[in-house]
Amino acid sequence: MKLRWLAVIALAALLVSLASVYDRTVLHFLGWDGQGSDNYSAWSGSVPALFTLAGMSTLIAGLWHHINCQEPGCFRIGKHKVSGSPWCSKHHGKARHRLSVEELLERILTATDTANDASKSLTAEVSAANQASQRQMDQVLEELRAPR
Ligand SMILES: [Zn+2]
């Protein structure tokens with residue numbers, strides 16, 4: 001795709017340069033002849049216009065690349081951000097990382113270990129609280145049973 005456009009642009013530049021060498025009508029068409037100095041019309045007219053065109057096309061292409069889908073050859077606007085890059089509704093599924101069975105198993109085992117650790121910690125805290133509560137109940141019962 002890009003190679004074809006480069007070939008077209010190179011061919012057009014070659015045709016214009018050959019025509020300008022052999023035929024003055026191309027120079028007249030571009031406005032590069034018939035002024036006070038030889039190159040006045042070129043430097044004050046079409047050459048700055050070409051530079052402006054190149055700059056504007058670079059700016060527009062950069063802005064388009066910023067919002068365009070990252071799939072090669074896709075011209076849709078990217079509405080889904082995946083890792084900071086825009087992807088269209090058709091291709092965003094390809095950009096998202098699919099987990100392998102090993103990665104899924106690793107995540108499940110990590111989550112299970114974390115849950116088991118939290119459960120053990122909570123069980124230890126509840127057991128300690130129960131023992132403290134039981135000691136307090138025993139003290140109260142001893143105080144109640146003690147002869148007065
Ligand atoms: Zn796309």
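The loop between β1 (80-82) and β2 (85-87) holds Ser83. The model is a predicted one, and in it Ser83 has a positive phi of about 55 degrees, although this residue is not a glycine. Is Ser83 buried or exposed? The count for Ser83 is 9 C-beta neighbours inside 10 Å. A residue with 12 or fewer such neighbours is classed as exposed, so Ser83 counts as exposed.

Read from the N terminus, the order of the elements is α-α-α-β-β-α-α. The radius of gyration of the protein chain is 39 Å, whereas the globule rule gives 15 Å for 148 residues; the chain is therefore more spread out than a compact globule. Along the principal axes, the C-alpha atoms fill a box of roughly 130 × 35 × 20 Å.

Of the 148 residues of the protein chain, 3% count as buried. Among contacts between residues at least 6 apart in sequence, 2% join residues at least 24 apart.

The last topic is the division into domains. How is the protein chain divided by the domain assignment? The assignment gives domain 1, covering 68-98, and domain 2, covering 100-148. Taken over C-alpha atoms, the centres of domain 1 and domain 2 are separated by 48 Å.

How values were computed: Residues are numbered from 1 along each chain as its sequence is written. This is a predicted model: local features need pLDDT of at least 70, side-chain atom pairs count only at pLDDT 80 or more; totals for chains, interfaces and linings use all residues. Domain bounds come from an automatic or database domain assignment. Helices (H or I, at least four residues) and strands (E, at least two) are DSSP runs, numbered from the N terminus. The radius of gyration is taken over C-alpha atoms; the globule rule is 2.2 Å times the number of residues to the power 0.38. A residue is buried if 20 or more other C-beta atoms lie within 10 Å of its own, exposed if 12 or fewer, and partly exposed in between; C-beta atoms are placed from the backbone. Two residues are in contact if their C-beta atoms, placed from the backbone, lie within 7 Å.
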